[in-house]
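Subject: Structure handover

Hello,

Here is the structure for you to look through. Please open it first, then read my notes below.

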Amino acid sequence: MSARAFESFLARIYVDAGARARFRENPRAEAERAGLSDAECTALENTDFVGLEMTARSFARKRQMKQQKGFLISATRLLRRFFTDRLALFRRR
Amino acid sequence: MAEDAEGDVVVVEADPMNAFHDKVGLGWRADLAAEIFSHLDRIDLLEVIADDFFSAPRRKVRALKTLSSQVPVVLHGVGMGLASCAPVETKLLENMARLVEQVRPQFWSEHLAFVRSGGIEIGHLAAPPRTADTVNGAAQNLSRASRLIGSKPIMENIATLIDPPASTLSESAWISAILASADCDLLLDLHNVYANGLNHGYDPKKFLRQIPSARMGVIHIAGGEFISAPDGRQRLLDDHLHDVPDPVFELLEEAAAISPNPLTVILERDGAYPSMDCLLAQIEQARQALARGRARRIALQEVLV
C-alpha cells in the first residue's frame, strides 16, 4: 500500500505547484502527512529539487499541449459536423 | 573474398545490415503524411501512436487499417502507465486490444513509466522509484496486458530529468529485472539513454552492456534540447523536436555491435518538422550506423571462431 501511496505523492508534487512548494519547504513533514514510511520520508528528504522543478515544468508544458490538441480536435469535429449537416440540407433542397 | 564455381576469386560485397534483417522506419505523423507516402521506398515501416486512435472516428481507424495493409505498421502506446504498483485500467487495455485486432500491427509497444496515480493525471511519462515493488507491479501489469491484448508489448525505457527518489536499483538493473519477470523484449530509446546518462552521470555505452542484449529488438532514435536548470547547469530534455545528435548514432552502432537479434530502428519526430530530405538523411545515417555496428559484430564473431 505504501508503494502506491508513494507514487501518488510523486504524482501530486509533479502536478500541483502548491504541494510542491510545501514539500520543498518541509519535505519530511509533507511526506509524513501523506502516510509514507520512515524510509520513504528519508529518501524524499534527499530529493533532487532542481530536477523536480524541471520535471514539473516539462509535464506542465505537455499537459498544456495536450489540452490545445484536444481543443483543436473538438473544434474540427464540430466544424465538420456543421458543414456536413449544411451540405445534406442543401442536397435535400 | 571467396571462390566461385570455376575457382576464380570473387569479391563478396558484404551488406552487414541486410544479413541481420535490420529495418529503419519513421514515426507516423499526420503532418508528414504526404511526404511519407512519396518516400515509402526509403522507409521500411511506420510507428503509429496508438492512443491517437482509441476514440477516433471510424473513418480514421479505417484509414489506419488501409495504411497497415500497404506498409508494415507498429503501434506505440503512451498512456497506459504499466510500470506502476497500481493495476492498469482495464479500459485502456481494451482500447489497445481493439486497435491491435483491427490494425494487426507487427508488434505493439509501451513505456516503463507511470502516468497517473491516486486520481492525478500527470500528463506525461513519469519514472517511478526503481524498487522491487515497482518491478513486481510492472510485471503484473504486463502479464495482464499480454493476456488481454493477446501479445506481449515491447517495453521502452524513458528519459527523466529527475532521478526518481527512493530508488534502490540502478536503471539498467531495474529494466533488466522487469524484462526478465515479464518475459518481455526491450524497445531501447537511445536518446533517452543518452539524456539520462548526461543528466544523472552515467556512461551510456556502459549502460548498453548492462542490459540483456538478447532482449533488444526495437530502437528509438530522436533529438532533444539542453535546458538550463535554476542552478545554472544544463540538462538534456528529450523533446523529439530536434535532429538526432551524433552520440545517438554512435550508440546505435554500439547496439548493433552487441545485439544478436534483427533490429527495428524508428526515428521519432514530434514537431518543428524539418524537410523530408533532412529526415531521410537521418534514416540513412541510422542505416550506416547499423551497418558499421553489424560489421564489427561479424568481425568479432570471425575472430572468436
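Start with one pair: His76(B) has Ser109(B) as its bridge partner in strand β6(B). The chain goes from β5(B) through helix α4 (residues 90–103) of chain B to β6(B), and this β-α-β crossover is right-handed. Right-handed means that, with the strands pointing away from the viewer, the path from the first strand over the helix to the second runs clockwise. Helices (H or I, at least four residues) and strands (E, at least two) are DSSP runs, numbered from the N terminus.

A word on the source. This is a predicted model: local features need pLDDT of at least 70, side-chain atom pairs count only at pLDDT 80 or more, and totals for chains, interfaces and linings use all residues. Residues are numbered from 1 along each chain as its sequence is written, while chains are lettered from A and ligands numbered from 1 in the order in which they are written.

Now the strands around β5(B).

- Strand β5 (residues 73–76) of chain B runs parallel to β6(B), joined by two bridges. Strands pair if DSSP finds at least two bridges between them.
- Leu75(B) is opposite Trp108(B) of β6(B).
- Strand β4 (residues 46–49) of chain B also pairs with β5(B) in the parallel sense, over four bridges. Here Ile49(B) faces His76(B).
- β4(B), helix α3 (residues 58–70) of chain B and β5(B) form a right-handed β-α-β unit.
- From β5(B), Val73(B) and Leu75(B) point one way, Val74(B) and His76(B) the other, and all are buried. Buried means 20 or more other C-beta atoms within 10 Å of the residue's own, with C-beta atoms placed from the backbone.

Next, β6(B).

- In strand β6 (residues 108–111) of chain B, Trp108(B) and Glu110(B) point one way. Ser109(B) and His111(B) point the other way, and all are buried.
- β6(B) pairs with strand β9 (residues 154–156) of chain B in the parallel sense over three bridges. Glu110(B) stands opposite Met155(B) there.

Last, the two chains. How many residues of chain B are in contact with chain A? There are 26, and they touch 26 residues of chain A. Contact means C-beta atoms, placed from the backbone, within 7 Å. On this side of chain B, β8(B) gives the largest share, five residues.

Best wishes

How values were computed
Buried ≥ 20, exposed ≤ 12 C-beta atoms within 10 Å, placed from the backbone. Contact = placed C-beta atoms within 7 Å.
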